[in-house]
Amino acid sequence: MRDDIGQGKIILPAKISRNAVINIRALLSHPMLTGMSRDQAGIPIPAWFVKEVEVTYGGDRVASFEWTSGISRDPFVGFSLRASKEAPLTVTWKDNKGGVFTHSADVKFTTTTAEATR
Amino acid sequence: MNAPPGTGGPDSLYFVSPQALRCPVRDSLTRRTFLKSSALALAALAASAGTAAASPLLRGPDNEPDEDVKTVLRERFGTRPIREGHVTLDVPDVAPDSREVPLLIESDLPMTADDYVKGFHIIVDHNPDIYLAGFNFTSAIGAATLDTRIKMRRSSHIRIIAETSKGELWSTSRFVYTSLNGCV
């Protein structure tokens, strides 16, 4: 089994100015198993996928995603955000086995690259 | 007199040997035959244009959802009308890897505090989960764009439905050809 499950990152653009619409990319390491495949011994591999994703920005919920196992392995999602304040952007992934993974990045009106892991 | 290079006999002033051109030159290709054949080709193109628009290979199979998809749509959206427009889906026509089909969804609908895109819904007709994913937004997002990767079981329509905060539904669909089963 992979040992990187739950690792992830939130990638913000290098330059953020106030009230600009920025592109956010959120990536998580997760197998996203559909439950329809079998291993080499012919035993079905149980489903294991991220069901819910929640995006908060400075404590306010700005987006939430409702997923099935149809999203690809190591789920990636890119979306927009209006950078209205300097606040942490947090993404929480919840899978169907009770796993909760949280990663965040700080939105800052600077010209440095903001990249966060865990 | 004004024959193009490569025509005429070896004695002609304009004769260029095929070896000198490094590519085959057809002896019969004179100005007259070229014009004649190109006119024929144009006529053939014009004749086929009418049928090409309706060709299922070019356009993909019929856009009409089947009963299973209609049931899912009815459960999700009730009897609200789903109109086409205001949403664009960028996806390859032929997916190289059906385990990772990249989608880029954009909408030109307004994104203001009282009128915004509440969500995108991804529906793939021939997947085990027809309703593949839903993405809910608030007006804090600023722009309705979405970029993700999905799995596909086989060649199918991908339908995107954008729901506005006023309850309007706008959609677009694309047929995507895949070669392998992406259910892993």
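**The interface and its strands**

Mentor: In this predicted model, 27 residues of chain B are in contact with 28 residues of chain A.

Trainee: Which residues of chain B lose the most area to chain A?

Mentor: Those are Ile141(B), Arg149(B) and Lys151(B), which together account for 24% of what the chain B side buries.

Trainee: And how much area do chain B and chain A bury between them?

Mentor: About 2300 Å² is buried between the two chains, with 49% of it on carbon and sulfur atoms. The accessible area lost when parts come together is often used to give the size of an interface.

Trainee: Turning to charges, how many salt bridges are counted between chain B and chain A?

Mentor: The count is one salt bridge. The side chains of Glu66(A) and Arg76(B) meet in a salt bridge, at 3.0 Å from N to O.

Trainee: What about polar contacts across the interface of chain B and chain A?

Mentor: The rule finds 17 residue pairs in polar contact there, with both residues at pLDDT 80 or more.

Trainee: Which strand of chain B gives the largest share of the side that touches chain A?

Mentor: Strand 5 of chain B does, with seven residues. Strand 5 (131-137) and strand 6 (145-150) of chain B each supply at least two residues of that side.

Trainee: How do the residues of that side divide by type?

Mentor: On the side of chain B that touches chain A, 14 are nonpolar, six are polar and seven are charged.

Trainee: Now the pairing between chains. In which sense do strand 4 of chain A and strand 5 of chain B run, parallel or antiparallel?

Mentor: They run antiparallel and are joined by five bridges. Within this pairing, Trp67(A) stands opposite Ala133(B) of strand 5 of chain B.

Trainee: What does strand 6 of chain B pair with?

Mentor: Strand 6 of chain B pairs with strand 5 of chain A, residues 76-82, in the antiparallel sense over three bridges. Here Asp147(B) is the bridge partner of Gly78(A).

Trainee: Staying inside chain A, what does strand 3 of chain A pair with?

Mentor: Strand 3 (residues 50-57) pairs with strand 4 (residues 60-67) of chain A, antiparallel, over six bridges. Tyr57(A) stands opposite Asp60(A) in strand 4 of chain A.

Trainee: How many residues lie between strand 3 and strand 4 of chain A?

Mentor: Two residues lie between them, and the strands form a hairpin. In the turn, Gly58(A) has a positive phi of about 60 degrees.

Methods. Residues are numbered from 1 along each chain as its sequence is written. Chains are lettered from A and ligands numbered from 1 in the order in which they are written. This is a predicted model: local features need pLDDT of at least 70, side-chain atom pairs count only at pLDDT 80 or more; totals for chains, interfaces and linings use all residues. Side-chain values use heavy atoms; hydrogens and water are left out. Contact means heavy atoms within 4.5 Å. Buried area is the accessible area (1.4 Å probe) that two parts lose on being put together, summed over both. A salt bridge is a side-chain nitrogen of Lys or Arg within 4 Å of a carboxyl oxygen of Asp or Glu. A polar contact is a pair of N or O atoms within 3.5 Å; within protein, one must be able to donate a hydrogen and the other to accept it, and residues adjacent in sequence count only if both atoms are side-chain atoms. Helices (H or I, at least four residues) and strands (E, at least two) are DSSP runs, numbered from the N terminus. Ala, Val, Leu, Ile, Met, Phe, Trp, Tyr, Cys and Pro count as nonpolar, Asp, Glu, Lys and Arg as charged, and the others, Gly among them, as polar. Two strands pair if DSSP finds at least two bridges between them.
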